[in-house]
Amino acid sequence: MLLTLLWGIPLPATSDSKGYSRSIRVEAELYRHRLWTAKSEFLVEAPPEKVWAVVLDQIDQWSEFVPRILFSRVVSPQKAELIVSSKTTSWKEVHKIVQGESLPLNERIQKSGQNEATYHKLLLMNLPWPIQNRWVLQKETDHFDPAKNAYNRRFVLEAGNLVVAEGYWRARPHPENPNWSLVYYENSYDPGFQVPELIFKPIVKKETRGVLEAVRKRAESQHEKPASPLQIRSQEGLRSKF
């Protein structure tokens, strides 16, 4: 319990029959001097399309429900090009470029085929001490596999005051329950300076877990969950007594 309070390390949680836990466990490793990689695999009690609605369609609202996100928006290709060509690392200058853009989301996304899309995500993050706020413009490519009802995303850094910020999201139907998802996440980044591993590793794990928990909570809250097989059997048993 003390570790949970101090570092945000989750206590053991219940699992399904395949061993997928409700607890979101994040692995964090330091590579090549300052390059950190955080990754996780976790269960969401909502189908993949509900997860993806949060991961893509609601990016403009991330600042409302994801911890430490101060600004979030899919920007148009034209605005993304202006940000990249400016070569600035100043958030004030970047915000001036995108301020006032009112295009609907579907006009800010470039579709390449029926099941692929590319777009540019702009984030401003309020990171914990001793790190100053960081912003990133990331190019994201989504692919949907209708045969497997599976969603994939790769993202790479286009501009910002991080040196590296790249990774992926994946969402697959749960093998036993298509109304649930298995979500895979990996993010590699270089903050631009070195922090002792003993200090930074717990921060990386806690902050990554906060993002993933927020996405899961949002997806599950927007999904009307059907009764589980156990609940159905219990209800049928009760009805048979009358």
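This is a predicted model: local features need pLDDT of at least 70, side-chain atom pairs count only at pLDDT 80 or more; totals for chains, interfaces and linings use all residues.
Visitor: What makes the pair of Arg73 and Asp60 a salt bridge?

Guide: The term requires a side-chain nitrogen of Lys or Arg within 4 Å of a carboxyl oxygen of Asp or Glu. The closest N and O atoms of Arg73 and Asp60 are 3.6 Å apart, and the pair therefore qualifies. Arg73 sits in strand S3 (residues 69-75) and Asp60 in the loop between helix H2 (48-57) and helix H3 (62-65), 13 residues apart, and the pair links distant parts of the chain. Helices (H or I, at least four residues) and strands (E, at least two) are DSSP runs, numbered from the N terminus.

Visitor: Why is the pair of Arg108 and Asp60 said to tie together parts of the chain?

Guide: The side chains of Arg108 and Asp60 meet in a salt bridge of 3.0 Å, N to O. Arg108 belongs to helix H6 (residues 105-108) and Asp60 to the loop between H2 and H3, so the parts tied together are 48 residues apart in sequence.

Visitor: How do you know whether Arg108 is buried or exposed?

Guide: A residue is buried under 20% relative accessible area, exposed over 50% and partly exposed in between, with a 1.4 Å probe and protein chains only. Arg108 has a relative accessible area of 4%, and therefore it is buried. Arg73, at 15%, counts as buried too.

Visitor: Where do Glu207 and Arg68 lie in the chain?

Guide: Glu207 and Arg68 form a salt bridge through their side chains, at 2.8 Å from N to O. Glu207 lies in helix H7 (residues 197-221) and Arg68 in the loop between H3 and S3, so parts that are 139 residues apart in sequence are tied together. Glu207, at 22% relative accessibility, is partly exposed, and Arg68 falls in that class with 32%.

Visitor: Why is H2 called largely enclosed by the rest of the structure?

Guide: Seven of the 10 residues of H2 are buried, and therefore the helix is described in that way. The buried residues include Pro48, Val51, Trp52 and Leu56.

Visitor: Why is the pair of Phe71 and Trp91 called edge-to-face?

Guide: A search of the whole structure finds six aromatic pairs. Phe71 and Trp91 have ring centres 5.3 Å apart and planes at 65°, so the pair is edge-to-face. Under the rule, rings of Phe, Tyr and Trp (its six-membered ring) pair if their centres lie within 6.5 Å, and planes under 30 degrees apart count as stacked, over 60 as edge-to-face and the rest as tilted. Phe71 is in strand S3 and Trp91 in helix H5 (residues 91-98), 20 residues apart, and both are buried.

Visitor: What makes Arg170 lie over the face of Tyr168?

Guide: A charge sits over a ring if NZ of Lys or CZ of Arg is within 6 Å of the ring centre and within 35 degrees of the ring normal. Arg170 lies over the face of Tyr168 at 4.1 Å from the ring centre, and Lys121 lies over the face of Phe155 at 5.5 Å.

Visitor: What makes the contact between Ser188 and Thr37 a polar contact?

Guide: A polar contact is a pair of N or O atoms within 3.5 Å; within protein, one must be able to donate a hydrogen and the other to accept it, and residues adjacent in sequence count only if both atoms are side-chain atoms. The side chains of Ser188 and Thr37 make such a contact at 2.8 Å. Ser188 lies in strand S9 (residues 181-190) and is buried, with a relative accessible area of 10%.

Visitor: How do you know whether Pro47 is buried or exposed?

Guide: Pro47 has a relative accessible area of 4%, and therefore it counts as buried. Pro47 is found in the loop between strand S2 (35-44) and H2, and its C-alpha atom is separated by 8.8 Å from that of Asn177, 130 residues apart along the chain.

Methods
Residues are numbered from 1 along each chain as its sequence is written. Side-chain values use heavy atoms; hydrogens and water are left out.
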